[in-house]
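Q: I am new to this structure and would be grateful for a close look at a single part of it. Please set out its surroundings in one connected account.

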Amino acid sequence: MELGLQNKVALVAAASKGLGYGVARALASDGAKVSICSRSADEIEAAAKKLADETGADTLGTACDVTDPKDIETWVKRTVEQWGQIDALLVNAGGPPAGYFKEISDEQWQAAFELTLMSSIRMINAAIPHMTGGGAILTITSSSVREPVERLVLSTVMRSGVVGLVKTLADELAPDGIRVNNLIPGRIDTDRVAHLDEGTAKRLGISFEEARERSLKNIPLGRLGTIDDFGAAAAFLLSPAASYITGATLQVDGGMMRSV
Ligand code: NAD
């Protein structure tokens, strides 16, 4: 199937590695021009070069901390100066820290609000004036928006706000030809998931391998997902091929979530 991404301009946030990089690679492989960002200039420039080498696509790497509104403006401006418009935006950031409700401080709540919810609002606000030909926005949340996960209260609360934003914007931006969807990663093999498994192993006094084995028992397909599994679904939702899909939440989780 043709996704129709040839020469489209895509912004992909938090993409020096992990899910963001996987989405950037899927979009670039299909012919999109891809502008990626993350906090470290060295890491994002190296990732942009790797992306161009792997796909042959035009790529741009910009240092941008998505908790900083000025950084977001600079990233979007640089992209538009280079390529003139924006057709697709992947909203992404690092995950908030794990912890039980009673362990979380006011400062941590505020930081999670900035990292997860405000960054989503600001990236979308910065991009839409340049999506003059319509396009698509995709957020990344977590299975916690449907089935709260132990010790991930910050993620559960802030990402539920992101899903509310997606549903609202699907209505409000439809007249401008902009679709807005949300993608849930189940357990995709990235540093973030390894970090969470290390935390579980330490807390329960078991090995990393045992912690991982426990989580695999809950996944019908019996393996972690790859960033390419995730990238393929994201590229579809961000592409003209998904032209009648908006306001949707799709999970890429090997069957892990039991909710209907
Ligand atoms: P990762 O740690 O592998 O990669 C995170 C990326 O985000 C890196 O490129 C990092 O440099 C960048 N980043 C972090 N904070 C940033 C900031 N403030 N500004 C700009 N860039 C920033 O993580 P991942 O697994 O790719 O996860 C991406 C998001 O998806 C996270 O919010 C994570 O909690 C969420 N998530 C992931 C999974 C999974 O299965 N991997 C599951 C549920 C939710």
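Leaving aside its neighbours within four places in sequence, which residues is A126 in contact with?

A: The model under discussion is a predicted one. In it, A126 is in contact with I72, E73 and V76, once its neighbours within four places in sequence are set aside. A126 itself is placed in helix α4, which covers residues 106-127. Its relative accessibility is 6%, so A126 counts as buried, the limit for that class being under 20%.

I72, E73 and V76 are in α3, where, together with P69 and W75, they meet residues of α4. On the α4 side, the residues that take part are S119, R122, M123 and A126. By class, this contact of α3 with α4 comprises six nonpolar residues, one polar residue and two charged residues. Helix α3 spans residues 69-83, and its axis lies 10 Å from that of α4. The angle between the two helices is about 35°, and their crossing is right-handed.

One distance along the chain may also be noted for A126. L154 stands 28 residues away from A126 in the chain, and the C-alpha atoms of this pair are separated by 25 Å.

A second pair of helices may be set beside the first. Helix α1 (residues 18-29) and helix α8 (residues 227-238) have axes that come within 7 Å and cross at roughly 55°. At such an angle, α1 and α8 are therefore oblique to each other. The crossing of α1 with α8 is right-handed. From α1, the contact draws on G18, L19, Y21, G22, V23, R25, A26 and L27. From α8, it draws on I227, D228, F230, G231, A232, A234, A235 and L238. Sorted by class, the residues of this contact are 11 nonpolar, three polar and two charged.

T141 is found in the loop between β5 (135-140) and α5 (153-173). Its relative accessibility is 3%, and T141 therefore counts as buried. The side chain of T141 is joined to that of N182 by a polar contact of 3.1 Å. Neighbours within four places in sequence aside, T141 is in contact with R159, V162 and V163, and also with N182, L183, I184 and P185.

Notes. Residues are numbered from 1 along each chain as its sequence is written. This is a predicted model: local features need pLDDT of at least 70, side-chain atom pairs count only at pLDDT 80 or more; totals for chains, interfaces and linings use all residues. Side-chain values use heavy atoms; hydrogens and water are left out. Axes are lines fitted to C-alpha atoms, for helices over the stretch in contact, and angles run from 0 to 180 degrees between N-to-C directions. Helices (H or I, at least four residues) and strands (E, at least two) are DSSP runs, numbered from the N terminus. A crossing is left-handed if the near helix is turned anticlockwise from the far one by less than a right angle, and right-handed if clockwise. Contact means heavy atoms within 4.5 Å. Ala, Val, Leu, Ile, Met, Phe, Trp, Tyr, Cys and Pro count as nonpolar, Asp, Glu, Lys and Arg as charged, and the others, Gly among them, as polar. Angles under 35 degrees count as roughly parallel, over 145 as roughly antiparallel, 65 to 115 as roughly perpendicular and the rest as oblique. Buried means under 20% relative accessible area, exposed over 50%, partly exposed in between (1.4 Å probe, protein chains only). A polar contact is a pair of N or O atoms within 3.5 Å; within protein, one must be able to donate a hydrogen and the other to accept it, and residues adjacent in sequence count only if both atoms are side-chain atoms.
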